[in-house]
Structures are given as C-alpha cells and as structure tokens.
Amino acid sequence: MPTASVSIEFSDNPTSGSTESIDQNFSDLCSYVNSTLPGYLTATAIPSFAATAAQQSAAASITVFATPANQVKHSSSVKAWARFAGTSTGSITFVGYGVGSISKIATGSYTVALSPPMASTNYMVVLTCGGDSDFGRWGSMTTAGFTIGAFSGTDVSQRDSTAIQFIVGGFQ
Amino acid sequence: MNTASVPNTFASSTGTVSLSLLDTNFTSYATFLNSTFLPEITATTIPSYTASTAQMQTATASTVFVSSAGQKNHPAATKAYASFIGTATGTVSFTGYGVTRIVRAGTGTYSVVLSTGFASTEYAIVGLSSQANSLLSAPNIGRQTTDYFEIKVITLFTATALDPNYVHFSVFGI
C-alpha cells in the first residue's frame, strides 16, 4: 500500500483548538492525500483496465489487459472448434468451444450452430476428417453457423466420417 | 484515482479539544484510510492477480489478468501447430509450437508427438496438405492418443497414400 507522510500545523493551540479548526485541518489533510496519491491499480479496479471487445478485436492497445473472458475476442484467436463422430445421429454430442449445437442432416451432412454467432458471413472454417480416407468441406455459411459435408476419398461420395474436426476464425 | 473524504466523526459545536482526543481521531482516521485504499498491484504482486489454469479454461473471469504463460490454457488458443515437408524421411524438421517430434512412418503417414499431453483424447486436429502437381490430396487423422496422433495424406479419388510437398496442422483442446 502507498503511504503518506503528513504533518499538520494547527493555527491555534491544539489543546484549546476549536472543532471547526480540526475539521478544516482534516479537510486539508484529505485534499493533500487525494492530490498526493496517484491513481493506482487495485483488485477491484481490474475490470476498468480490461480491454473491451472492440479493443481486443482491434488488437492495437497497449494500455489495457486481456482477461480470460475477453481473450477470445482477439483477432488471432479462433472463435470455435469441435470434434464429433459423424456416425452419430440427430443432435450430436461433441467436444469443443464456441459451438452451440451440431446436428446430422443426412449421411455425411451436418449443420453447426455457433454460439455466439459471427459478425458477418466473412469468416474461416478449416476441417479435417478421421477414418481411413475421408475428407470434408464446408457448405453454406451464415452468421449463425455453417454446414459440413464428409466424403469418401475413394469415390468422393458422402459418408459418415468417424471423426470430424473443425476450427472457425473471424470476428464476432 | 482513489479518493478520501473526511469521516464525519469530528462534529462538535462546543468544547475544547484535548491531545488525547486528537490522538483518537488521528487513529480513527488512519483506520479509515487503511480500509479505503486497497493494496496496490505492483510488478511483484501481479502473479497473485493473474488467471489460474482453471480460470483460463473456464474463460469467463473478468477480474484477473491473462499472463503470457497462461494464455495458452484458454480454450480458444491453439495448443500446437506445425508445418513440415511431407517428402522428408525419418525424423522430420518442422516449424511449430507445442510439438516435440514428427516422424514420417511411411508414405503419406506421419506421427506427431505433442509436447504437453491433453487431459483426454477428445481434442481436435485440423490440417491441410499441398501439392506442386495437379493431384488433389487431403490429410486425414489416424490413431489419436492424449499426446500422439497420426496424419495420413491420400490422393483423392484413389485414396492411395501420398507424400505431399507440405503438411500444415493445428491442434485445439483442453
């Protein structure tokens, strides 16, 4: 903690000074403390020094901090990723981040809902499939999500890949 | 800036003030100051205010800082990535992060050893391969353990193994 060294000179004899005189001197002391101690960082003040989503996205400020909650807003951060079994049906269980749900539409065809959505449809999806020779590609893209197609590397027909994995980059 | 205001404990319209009363009031004032001004965060105390691994993985705290050492623990941070030449043999030279070793196990097949293992095998790998000729190739993930996985590159339409010019991959997980 910063410390202040303060001396007060009473204009009156302190043993007989009036309360008004003391109040004035304490008021002067407070003014002195306020003018002497600079603004400094404390635990409760951390949120005030945390970067806003806009500052994280712009990635240019050197006067604010990243927090666990806002780190993902940085331009270099992926916004979502997941790994799921394409052989599942209906609403698919997955491991990941930034993904609300994954559903199977048909054989080798899936929809991904992002949470939160992207700011525009100009974002990046990279995906890779498991299995012996499968590969994948993305289909239609909206701000809310996108579709995935999984294919056999042998005849390029759609098939349920055992493990489909993707990442998403862009702005939210 | 932190600000102090005079606690209203000195109001008295009459009477004289003794030295003992002054001492008491100064003590009260010191207590007031100590309770008002929180400890300052300095360079040496910053570690006490940085996010723990658990806080980074949860990714919701806004009252702690992200440190350089802890940034990688965020779920949106890549845990490993690399770029290497697919035609190399044996132990493959690579540029990357979070990867200990890459070995070409056979045509189009590469084993990757991660520097830090994941908590489970439930992590995601995405990769791309590139060719100088007109062949279309695609990387494929084979066996996958907590700290090891295989990349298999095939030629599309024939599904035969292929050594591509370059392989790039990135790994995400917790």
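Predicted model: local features only at pLDDT ≥ 70, side-chain atom pairs only at ≥ 80, totals over all residues.
Strands here are DSSP runs of E with at least two residues, helices are runs of H or I with at least four, and both are numbered from the N terminus. The phi of A:Val156 is positive, about 60 degrees, although the residue is not a glycine. Most residues other than glycine have a negative phi, and most peptide bonds are trans. A:Val156 has a relative accessibility of 27% and counts as partly exposed, a class that lies between buried (under 20% relative accessible area) and exposed (over 50%), with a 1.4 Å probe and protein chains only.

Chain B also has a residue of this kind. B:Phe157, not a glycine, has a positive phi near 80 degrees. Its place is the loop between β7 (148-155) and β8 (160-161) of chain B, and with a relative accessible area of 54% B:Phe157 is exposed.

A cis peptide bond runs from A:Ser115 to A:Pro116, with omega near 5 degrees. A:Pro116 belongs to the loop between β4 (109-114) and β5 (124-130) of chain A.

In chain B, the loop between α2 (53-58) and β1 (80-85) holds B:Asn73. B:Asn73 is buried, at 19% relative accessibility. Beyond its neighbours within four places in sequence, B:Asn73 is in contact (heavy atoms within 4.5 Å) with B:Thr53, B:Met56, B:Gln57 and B:Lys79.

Residues are numbered from 1 along each chain as its sequence is written, and chains are lettered from A and ligands numbered from 1 in the order in which they are written. Local features need pLDDT of at least 70 and side-chain atom pairs count only at pLDDT 80 or more, while totals for chains, interfaces and linings use all residues; side-chain values use heavy atoms, leaving out hydrogens and water.
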